[in-house]
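Please look through the structure shown here, beginning with a single side chain and its partner and widening the view from there to the chain as a whole.

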Amino acid sequence: MRYQFPEGFKIGATGAGWQMEGEFGKKAGHEHFPHLMYQMDKENWYQGVGPEVASDHYRRFQQDIPLFRQAGILQYRFNLDWTRFIDDFEACTVNEQEAEHYSKYIDCLLENGIEPVLCLEHWELPKALYERYDGYASRHTVDLYAEYARQAFRRYGDRVKMWFCFNEPIVIPQLCFLDGSWWPKLHEPKRAFLWMHHKVVATARAIETFRQLGREGEIGTILNPSYVVPRDAANPGDAYAAKVADAFYWGSFVDPAVKGQYPALYLELLEQNGCLFDWTQEDERLLKANTVDVLGVNYYQPMRVKQKEEGADRSGPFHPNWYFDGYDMPGKRMNPFRGWEIYPKSLYDIGKRIQREYGNIKWIVSESGMGVQNEQKYKDANGVIQDDYRIDFIAEHLAWLSKAVQEGSNCHGYWLFASIDNCSPYNAFKNRYGLVEVDREHGLERRLKKSAAWYKQTAESNSFCFDEVREP
Ligand code: BGP
């Protein structure tokens with residue numbers, strides 16, 4: 001059947017600064033947090049590769065952006081790298097040369113008929129602020145971030161009409177300080193939740209600044225809220241497990257962004273477990289007064305949970321999974337390369353939930369995509385990667401999204417991760433996500449994949465053909 005999106009719905013793509021640009025020409029002392037993560041833990045990054053060269057997009061953007069347009073990208077979400085744009089982190093002065101680079105970047109998008117969407121942080125916290133203040137643990141870093149945001153709004157607000165404060169603000173505190181998965185691999189929940197809170201406050205500060213400046217356009221934030229699915233919703237133990245997981249991995253960021261307050265259960269459990277951050281009246285005012293215009297939702301896989309086993313060990317530092325266990329659902333579809341479940345219906349469920357519980361606020365699928373290993377083996381005689389699996393993946397996700405939109409969900413776009421192959425945290429270039437290939441065997445040559453032609457047709461007609469979707 002044919003799916004048609006309404007006018008105003010835009011198909012686009014994304015890519016992160018540090019995962020694509022490469023660290024060319026950076027000033028000494030201007031490294032960012034992902035660079036540090038790589039430097040300190042190189043041996044655990046796939047094939048020892050990190051963000052130093054990445055996709056070399058900083059130097060090749062004038063070649064890449066026309067390819068993005070050939071792949072049908074109509075709206076493009078990229079981000080400033082705080083450590084490039086700002087020259088002196090304390091004084092918040094702008095680095096004119098780098099500011100000019102980003103200005104040219106925006107012009108290049110516009111000249112190619114692509115609407116620029118700008119995000120202010122995709123984890124590129126300056127290493128200097130991490131070392132000096134423990135990053136977002138400090139309110140001073142929040143002040144510096146808000147000042148950085150002000151400089152960006154001033155500089156590019158003439159051409160950029162859609163802004164986002166952060167990309168996935170939960171990820172660094174969660175993976176680095178709560179779960180202990182990424183360097184520095186710590187289990188310090190109090191610190192993790194403080195970082196998270198200050199990133200929530202920083203979001204509100206940036207929104208307030210944007211509005212005070214009277215800039216035309218919209219501002220929001222990009223989250224990766226987990227869509228939590230209980231093993232058996234009718235079982236009270238499973239339902240409670242899901243409720244807690246939802247409070248920590250959906251509500252903790254979506255609620256303050258859209259409703260201006262945290263879920264009560266989140267605060268209650270943090271307090272019970274000695275992890276509640278300092279909370280001021282000014283924070284409360286800020287959050288209430290500065291909710292988002294638009295919500296970005298990055299979605300890759302659902303979070304399936306079940307009731308916690310009896311007698312689970314709670315002797316170590318607090319972790320939200322004291323209240324639930326992951327549920328490994330038999331028969332689930334997997335992307336074996338990334339180890340993530342493929343469950344496109346979540347986009348429908350997320351859309352309906354936003355419609356029902358969040359005032360049907362304008363939202364965008366700000367990341368969705370499929371990382372595949374060894375894509376060279378799918379090359380045809382002309383060397384073009386025949387990534388039909390990616391086309392099917394996108395189409396099925398779009399089909400569920402379209403159903404939500406038809407039923408009134410206020411979704412305005414779908415951005416594929418990613419425009420071009422790039423460097424993942426830890427997995428580096430193992431799994432490829434791009435519509436455009438980066439051929440690492442041949443001087444990082446670029447080539448459109450088969451999916452690019454399909455994407456172009458879909459974006460330009462705002463429609464596509466796919467099977468009718470049914471309840472899985
Ligand atoms: C999201 C990030 C992206 C991207 C994506 C895919 O969390 O916002 O930048 O990396 O995940 O995941 P990965 O690169 O780990 O395979």
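In this predicted model, E96 has a relative accessible area of 49%, which places the residue in the partly exposed class, since that class ends where exposed begins, at over 50%. E96 forms a salt bridge with R155, and the closest N and O atoms of the two are 2.9 Å apart. The pair links distant parts of the chain, with E96 in helix α5 (residues 96-111) and R155 in helix α7 (residues 139-156), 59 residues apart. R155, at 30% relative accessibility, likewise counts as partly exposed.

A second pair joins E208 and R285, whose closest N and O atoms are 3.0 Å apart in a salt bridge. Elsewhere, salt bridges that share partners join E375, D387, R390, D421, R432 and K449 into one network.

The side chains of R132 and E90 also meet in a salt bridge, at 2.8 Å from N to O. R132 lies in helix α6 (residues 127-133), while E90 sits in the loop between β4 (86-88) and β5 (93-94), so that parts 42 residues apart in sequence are tied together by the pair. Both partners are partly exposed, R132 at 48% relative accessibility and E90 with a relative accessible area of 32%.

These pairs are among the 48 salt bridges that the structure holds. The protein chain carries 56 positive and 68 negative side chains, and the centres of the two sets lie 2 Å apart.

For the chain as a whole, the secondary structure comes to 15 helices and 21 strands. The radius of gyration is 21 Å, close to the 23 Å that the globule rule gives for 472 residues, and the chain is therefore as compact as a globular protein of that length. Along its principal axes, the C-alpha trace spans about 60 × 55 × 45 Å. Of the 472 residues, 62% are buried, and the accessible surface of the chain comes to about 17700 Å², with 46% of that area belonging to carbon and sulfur atoms. Among contacts between residues at least 6 apart in sequence, 77% join residues at least 24 apart.

Note on methods
Residues are numbered from 1 along each chain as its sequence is written. This is a predicted model: local features need pLDDT of at least 70, side-chain atom pairs count only at pLDDT 80 or more; totals for chains, interfaces and linings use all residues. Side-chain values use heavy atoms; hydrogens and water are left out. Helices (H or I, at least four residues) and strands (E, at least two) are DSSP runs, numbered from the N terminus. The radius of gyration is taken over C-alpha atoms; the globule rule is 2.2 Å times the number of residues to the power 0.38. Buried means under 20% relative accessible area, exposed over 50%, partly exposed in between (1.4 Å probe, protein chains only). Contact means heavy atoms within 4.5 Å. Accessible areas come from the Shrake-Rupley method with a 1.4 Å probe; for residues, only the protein chains shown count as cover. Lys and Arg count as positive and Asp and Glu as negative; His and the chain ends are not counted. The place of a charge is taken as NZ of Lys, CZ of Arg, CG of Asp or CD of Glu. A salt bridge is a side-chain nitrogen of Lys or Arg within 4 Å of a carboxyl oxygen of Asp or Glu.
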